[in-house]
Amino acid sequence: MFKKVLLLFFFSFFLSQVADATEKKVLVIGLDGILPDAVNKEYTPNLYSLFDNDSGLLAFGYTQDLTFSGPSWSATFNGVHHDRHGVTTNSYTGHDFTDTPHFLKRLKMFDPDIYTASLLTWDQLPNNFKKPDGTPFGVDSLVFHDRHEDNGDVNVTKATVELLRYQDPDAIFYYQNDIDAAGHSYGFSMDIEEYRQQLRVTDQRVGDVLEALNSRTGVTDGTEEWLIVVVSDHGGLGTGHRGNYYVQRFVPMILSGPAVDIEDMNVRPRVVDVARTVLSFMGVPEEEQADLDGRNLLDPVSMPEPVFDTNLVFNGDAEFDRGAKDNSLDHAVSGWRDQQYTGAYDGWHSMTVLQLPEDETHIGPDENKIERKARNAFIGGSKGSFSKITQHRDLSPLETDIDQRNVKYELDGYLGRKARSSDKMMFMAVFLGENNETIASVMLKEEEINRTDKTVLNYEETDGVVPPGTRKVVFSLYALGDPSQEGVYALADKLSFVLKKRNN
């Protein structure tokens, strides 16, 4: 009996030592110009295999609002929006990422022994991994094969396969451009055969890379744990992209590996989240990531459950994201859906998050009492004269109480505008039935603000009974501007929708 116990002890000790010895490694696959509906079992079976299991997830999220490749890839690598990384077109003139280094450089800063590699085919991308003088920055191996003149995607794939088979990399960025080239030549659409055919070709190359990774001794014996992230920089409209239109900005994102224990991200991911996800997985301390704009996608966000006495508006205080200095940066506000379409070129210009000025004032329920200041507020977009974002919440778990008219709602928030603006903000709750039919709606809108010299937000509130038959509620935030002027400067903050039992 003693021998059995001793043997069991040593076996358990051995397993714990193996677990402790597992090396974490990461492969980020950048697929330029791939559409969300391009990831499917028919045309991209190798990509599909990454999430068609218990350790993978396909999600759909947002690129930067400037859907040039430069701004979005820089946000992916550097983990900050373009107002900080400074790349706003496909030109990298005068770029300097010293203060906002890419995630491979941050990994080297964390552990100089980590081996990093970036394998590229678009001639502008090496700028992300070089100093302005051309010196490589934060990569042990920077491989470039021109997409036009050097059979780029094929040779970069071969180089990545050889790297995985014969060397010991820790963090890799592997890039493919030919899907984007097919979109520009024939159109970004699954209805176009040339685009579909390129998907098959690129997916096979990705399959070659995955085969090389999975054949590594460290993978087969369990001493290596890989996180695979697939990300794109933009979709497309016709044969181009550069606006903020939904099909230009909406992209697929895949997470795959043992660390991916997520059923639903709840909040749509953004390319700016990739860097923090990689760094967190690799063990970089949170304090060394504090300056990043993204979040760790492996740590899913919890949405408010439909229970009583809880604010059901997620990110209603606009504090989930870093506020920008003005409304020219469309963050894709976390937890909210962009809605307003202003034309094929300009696309979807919705609300964003503004860093409030020092002279901002929140006037509370008591007009003589000024509430505490907030860091951020919602603000209308920089295009057009109308902005809208929405958020959906399921109320069906409370249907029995609702149908008995036993549920009361309280809707409140702060609404206002920037100094010297006459724009208006409205906050609405729309009650929907089982078949998404509108049953009723209630709206908050700001009362007249006489002060035009400062940014002011007034507290507004209303309440009532949730109408019987309600199964969902949609929160809509509207910003209305002067049609003769570009941009909307209405503000909102601390939005709240709380359900209470009437018999309490």
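Colleague: Which residue lies over the face of Phe 281?
Modeller: This is a predicted model. The contact sits 5.1 Å from the ring centre of Phe 281. A charge counts as over a ring if its NZ or CZ is within 6 Å of the centre. The residue is Lys 24.

Colleague: What is the order of strands in the open sheet?
Modeller: The sheet has seven strands with mixed pairing. Its edge strands, β2 (56–62) and β4 (141–144), each pair on one side only. The twist averages 15 degrees from one strand to the next. The order is β2-β7-β6-β1-β5-β3-β4.

Colleague: In β5, which residue is the bridge partner of Leu 119?
Modeller: Strands β3 (residues 116–120) and β5 (residues 171–176) run parallel. Four bridges join them. For Leu 119, the partner in β5 is Tyr 174.

Colleague: What angle does the direction of helix α11 make with that of β6?
Modeller: Helix α11 (residues 274–281) packs on the sheet. It touches β1, β6 (224–231) and β7 (250–256). Its direction and that of β6 make about 180 degrees.

Colleague: How many residues apart in sequence are the parts that Phe 77 and Phe 173 tie together?
Modeller: The two rings form an edge-to-face pair, 4.7 Å centre to centre, with 85 degrees between the planes. Phe 77 is buried because its relative accessibility is 0%, and Phe 173 is buried, also at 0%. Phe 77 lies in helix α3 (residues 69–78) and Phe 173 in strand β5, so the pair ties together parts that are apart in sequence by 96 residues.

Colleague: Which residues form one aromatic cluster?
Modeller: The structure holds 19 aromatic pairs. Phe 77 and Phe 173 form one of them. The cluster is Trp 73, Phe 77, Phe 129, Phe 173 and Tyr 175.

Technical notes
Residues are numbered from 1 along each chain as its sequence is written. This is a predicted model: local features need pLDDT of at least 70, side-chain atom pairs count only at pLDDT 80 or more; totals for chains, interfaces and linings use all residues. Side-chain values use heavy atoms; hydrogens and water are left out. Two strands pair if DSSP finds at least two bridges between them. Helices (H or I, at least four residues) and strands (E, at least two) are DSSP runs, numbered from the N terminus. Axes are lines fitted to C-alpha atoms, for helices over the stretch in contact, and angles run from 0 to 180 degrees between N-to-C directions. Contact means heavy atoms within 4.5 Å. Rings of Phe, Tyr and Trp (its six-membered ring) pair if their centres lie within 6.5 Å; planes under 30 degrees apart count as stacked, over 60 as edge-to-face and the rest as tilted. Buried means under 20% relative accessible area, exposed over 50%, partly exposed in between (1.4 Å probe, protein chains only). A charge sits over a ring if NZ of Lys or CZ of Arg is within 6 Å of the ring centre and within 35 degrees of the ring normal.
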